[in-house]
Amino acid sequence: MLIPQLKESLQNLMKVASLNLSHNTAIDNGILEEFYALCDQVELCLRLAYECLSQCLDSAKHSPNLVPTATKPDTVQTESMSYAQYLGMIKSQISCAKDIHNALLECSKKIAGKGQPQGLM
């Protein structure tokens, strides 16, 4: 008596399972992955744009004026710095880079020294 109801329930179960399987297959075949891939690409482009903007701002901050070109001595550039000013700025940048290098070198030596075992007794 219950076999026809069981047969009908089993058919409904297989239909629902088939629909779920086809829906999950469509998602696995790239619909959802394509969306996430596009979101990742947009995020990377935004990060790249932010990094470019940061570098541009840093460049303008640390070297705001141009050095006059030697090819056109007759034109006066009011916004440009003299070569001596430019050399002074470059020397200060090199000094700063050396200080940072030395500080990082000291830190790495301290870290390497802590990893070494103390003398055995």
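This is a predicted model: local features need pLDDT of at least 70, side-chain atom pairs count only at pLDDT 80 or more; totals for chains, interfaces and linings use all residues.
The accessible surface of this chain comes to about 11,300 Å², and carbon and sulfur atoms supply 65% of it. Of the 121 residues in the chain, 2% count as buried.

Turning to secondary structure, the chain holds 2 helices and 0 strands. Helix 1 runs over residues 3-62, which gives it 60 residues. From its first C-alpha to its last, helix 1 reaches 84 Å, close to the 88 Å expected at 1.5 Å a residue. Where does helix 1 bend? The bend lies at D28, and its angle is about 60 degrees. Please keep both values in view for helix 1: a span of 84 Å and a bend of about 60 degrees.

Next, the surface itself. Which residues form a nonpolar patch there? They are L10, L13 and M14, and together they have about 310 Å² of accessible area. Of these residues, M14 has its place in helix 1.

Finally, the cysteines. How many disulfides does a search of the whole structure find? The search returns 0. As a reminder, a disulfide is a covalent bond between the sulfur atoms of two cysteines. Is C45 buried or exposed? C45 is exposed, at a relative accessible area of 52%. For C107, the relative accessibility is 45%, and this residue therefore counts as partly exposed, since that class lies between the limits of 20% and 50%.

How values were computed. Residues are numbered from 1 along each chain as its sequence is written. Side-chain values use heavy atoms; hydrogens and water are left out. Patches are made of residues with over 30% relative accessible area and no salt bridge: like charges are joined within 9 Å, nonpolar side chains (Val, Leu, Ile, Met, Phe, Trp, Tyr) within 5 Å. Accessible areas come from the Shrake-Rupley method with a 1.4 Å probe; for residues, only the protein chains shown count as cover. A salt bridge is a side-chain nitrogen of Lys or Arg within 4 Å of a carboxyl oxygen of Asp or Glu. Helices (H or I, at least four residues) and strands (E, at least two) are DSSP runs, numbered from the N terminus. Buried means under 20% relative accessible area, exposed over 50%, partly exposed in between (1.4 Å probe, protein chains only). A disulfide is a pair of cysteine sulfur atoms within 2.5 Å. The expected span of a helix is 1.5 Å times one less than its number of residues. The bend at a residue is the angle between axes fitted to the seven residues ending there and the seven starting there.
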